[in-house]
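Colleague: Please take a close look at one pair of helices in this model. How do they lie against each other, and which residues make the contact?

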Amino acid sequence: MIQIQHLEKKFGKLTVLKDVNIRIKRGEVISVIGPSGTGKSTLLRCLNLLEWPTSGSIIVDGEELLSANKVDAPKLRRKMGMVFQSFNLFDHLSVLENVCIGPIKLLAMSKVEATRRAMRLLKMVGMAEKARSMPAELSGGQKQRAAIARCLSMNPEIILFDEPTSALDPTMVSEVLSVIRTLAKQGMTMVIVTHEMSFARRVSTRVLYMDQGVIYEEGSPKEIFDHPRRERTRVFVNSIRDFRYDIHSEDYDLYAFEAELRNFCNKYFLSDETVQTAVQLAEKLLQYIPLSQGEVQLVFRYAEKTGNLALEILMPQELPAVVDEIPADIKAALTTENALHEDIVKRNDKMVRMVKLFIHSEK
């Protein structure tokens, strides 16, 4: 249905999309995930020409869009609807009028027919009783469902969703996702930029992970969420959050370290007991590292998906093994999960010695 080849988008000297290649088949539901600022929304806007690509090719139903002398962008957007994160309803029109205006103005549909069809769509998204309401009278979830009905009123062949739940209160997210699930069951072709990982897993036929302007990895939901092949994908889908602390000498400020670690743990609602355990374990391990012989970095990794907190200590490769120096009684206390181990790994293009310790699980 849609073929994207070597797509690139620049804003001045900033390259947002780099050599993006995608094929979208009719009936597919593709979720696009990845960190903020990696070009996901820009990709959607380039697809329906709200942003003009710097270079590359977009072929829709066999028609090349970017090489034509005159592209009929409004015609394309009737075929390729878009639902924005900020709803974009006309505030001076009722919900029913918002849904009717497109078919009347652009499809030459009669007001009677447009109204009948709009009511059917509003009923489908659970908004029929709000048909006469003004947007200011609606909740965020209701506005987004009205926006979806407005998009459907133009009979699109594909719908692009740009983070449809990001502007919503958490209690309203499920009502919008339920509507999208219904469309997926009906066979609607959709490309969804989303941060709702569990939703992307359930509804998608394919998942694209974007990072730094490229399609970094793609595959089925099971492949991406259960068996990602690449490191950045693994970190992202497990919602791994890092806290790094550099130690430059044996006179490091223990209290500053503890305060920064506590702030990190509080951000992700980890308990005070977990903070204290992490500080104590790090302090015990550091007793066996010659801090005067090179910079040491502590990396705490919290996986939101599993609730696990782990500590990695990175140090110069030439330092002696640490685990061998730890007394048996302390080692036994540290390895309640048999997770304390040491290895030589590559970090930032250089080999370093790493001690890794499982600290605690909040779940």
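Modeller: Angles under 35 degrees count as roughly parallel, over 145 as roughly antiparallel, 65 to 115 as roughly perpendicular, and the rest as oblique. Axes are lines fitted to C-alpha atoms, for helices over the stretch in contact, and the angles run from 0 to 180 degrees between N-to-C directions. Helices are DSSP runs (H or I, at least four residues), numbered from the N terminus.

The model is predicted: local features need pLDDT of at least 70, side-chain atom pairs count only at pLDDT 80 or more, and totals for chains, interfaces and linings use all residues. Residues are numbered from 1 along each chain as its sequence is written, and side-chain values use heavy atoms, with hydrogens and water left out.

The pair is helix 10 (residues 254-267) and helix 11 (residues 272-286), whose axes come within 10 Å and cross at roughly 140 degrees. Helix 10 and helix 11 are therefore oblique to each other. The crossing of helix 10 past helix 11 is right-handed, a term for a near helix turned clockwise from the far one by less than a right angle (left-handed if anticlockwise).

On helix 10, the contact (heavy atoms within 4.5 Å) is made by Leu254, Phe257, Glu258, Leu261, Arg262, Cys265 and Asn266. Helix 11 contributes Asp272, Val275, Gln276, Ala278, Val279, Ala282 and Glu283. By class, the contact of helix 10 with helix 11 has eight nonpolar, four charged and two polar residues. Here Ala, Val, Leu, Ile, Met, Phe, Trp, Tyr, Cys and Pro count as nonpolar, Asp, Glu, Lys and Arg as charged, and the others, Gly among them, as polar.

Notes. Helix = DSSP H or I, 4+ residues; strand = E, 2+ residues; numbered from the N terminus.
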